[in-house]
Amino acid sequence: MTPPSARPPGAAAEGWPSGRDQPLPGGAGGDVLDDPAAIAEVDPTDFLRTVEGLPAQLEDAVGLARSVEGLPSTDGLRSIAVLGMGGSGISGEVCRAVLAPLAPVPVATIRDYDLPRWVGPDTLTFAVSYSGNTEETLGAFEQAAERGARIVAVTAGGRLAEEAAARGYPVVGVPGGLMPRAALGYVGIPPLVVSSRLGLAPGLEDALPEALEVVGNRVAECRRDVPAWANPAKQLAGRLAGRLPLVWGTEGISGAAAYRWKCQLNENAKVVAACAAFPELNHNEVVGLYRPESAPAPEPRAGLVVLRHAGEHPRTARRIEVTMSLVSDSVAFVQEVWARGSSPLARLLDLVAAGDLTTTYLGIARGVDPAPIVAIDKLKAALGG
């Protein structure tokens, strides 16, 4: 938890959402979210249980990554690339946000069939596919192998596990049976731990215990048996019900978390959502949301969630405060979510846990099963795999 003396102005006492000029209501869907039978009816596969299991998953993933053998050398290393799509691809955003300030080489996320030309023998390449059968990742993996990249695979099986093992690459094998987006611990933590073991992430090993504790506290505070009046994730889900969610972060850890929130809103809650990051959004998005005083006042349709943390650049923090004031009349509400933790890793995972819980509750409050991703399944079927 961020010490009170270090907490930025406006942060909630316990690092959870602090509303701006609006109280937190019980929220639409509050009755459903406090009724175990109603939750079970909407969520028949108990997807929420997997979300609540993130702390244990993170701890398990740390152990798996620590035990893998045959890691590549870092001699002459010039770059780090993380290959992945969708629920597995978020591992790249997590790695980039955490590793970029620590690693002595650039870190990039690649979400495509093809690799940029710079990926080669001097690139540490994490091929991440929870299912092991993601076609874009497999295509990029093949190119990385052909170019002699230093590959580490992270997967629960499938073709990636088979082909990586056959070529002699180390494989962090993780348990299967989950929806990929619910396996963030298994796909996101191994690249970080492996990077730490290779000496590319100074201080990360020391940050792991606090990160696990922070996420555990967040889930305990927001688990299903905590009633809506005391459960910030249920409250925020209620505020977002019927709104267009906009999620803003800052370049780095809260920007990565904002992207995760956006994806989870799409898949867990089945709603359209958007995300953006400071300071870049001050050069474009703010114009689209700002309403001049002379303009008519339409009914605000969007709910704005701003992800905050104590490590923001002072000028960025000031930008956030000014921007929230500029757009407050154009949205139904502005909600800040403050990260806990003293390390970037803890803060990022804390914001991720908060978003995973909120978006799952929003889906349940809307009466939609958070687990299925019918559109993606149909797309894969149409593409023939």
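This is a predicted model: local features need pLDDT of at least 70, side-chain atom pairs count only at pLDDT 80 or more; totals for chains, interfaces and linings use all residues.
Residues are numbered from 1 along each chain as its sequence is written, and side-chain values use heavy atoms, with hydrogens and water left out. Local features need pLDDT of at least 70 and side-chain atom pairs count only at pLDDT 80 or more, while totals for chains, interfaces and linings use all residues.

Me: Is S330 buried or exposed?
Reply: S330 sits in the loop between helix 13 (314-327) and strand 10 (333-338). Helices (H or I, at least four residues) and strands (E, at least two) are DSSP runs, numbered from the N terminus. Buried means under 20% relative accessible area, with a 1.4 Å probe and protein chains only. The relative accessible area of S330 is 17%, so S330 is buried.

Me: Which residue has its backbone nitrogen 3.4 Å from a polar atom of the S330 side chain?
Reply: Not counting residues up to four places away in sequence, S330 touches L289, Y290, R291 and P300, where contact means heavy atoms within 4.5 Å. The backbone nitrogen at 3.4 Å from the side chain of S330 belongs to R291.

Me: Which residue caps the N-terminal end of helix 10?
Reply: Helix 10 covers residues 232-240, and nine of its nine residues are buried. A side-chain oxygen lies 3.1 Å from the backbone nitrogen of A233, and the capping residue is N231.

Me: What is the average pLDDT of the chain?
Reply: pLDDT is the predictor's confidence in each residue, from 0 to 100. At least 70 is scored by 90% of the residues, and the chain average is 90.

Notes
Buried means under 20% relative accessible area, exposed over 50%, partly exposed in between (1.4 Å probe, protein chains only). A polar contact is a pair of N or O atoms within 3.5 Å; within protein, one must be able to donate a hydrogen and the other to accept it, and residues adjacent in sequence count only if both atoms are side-chain atoms.
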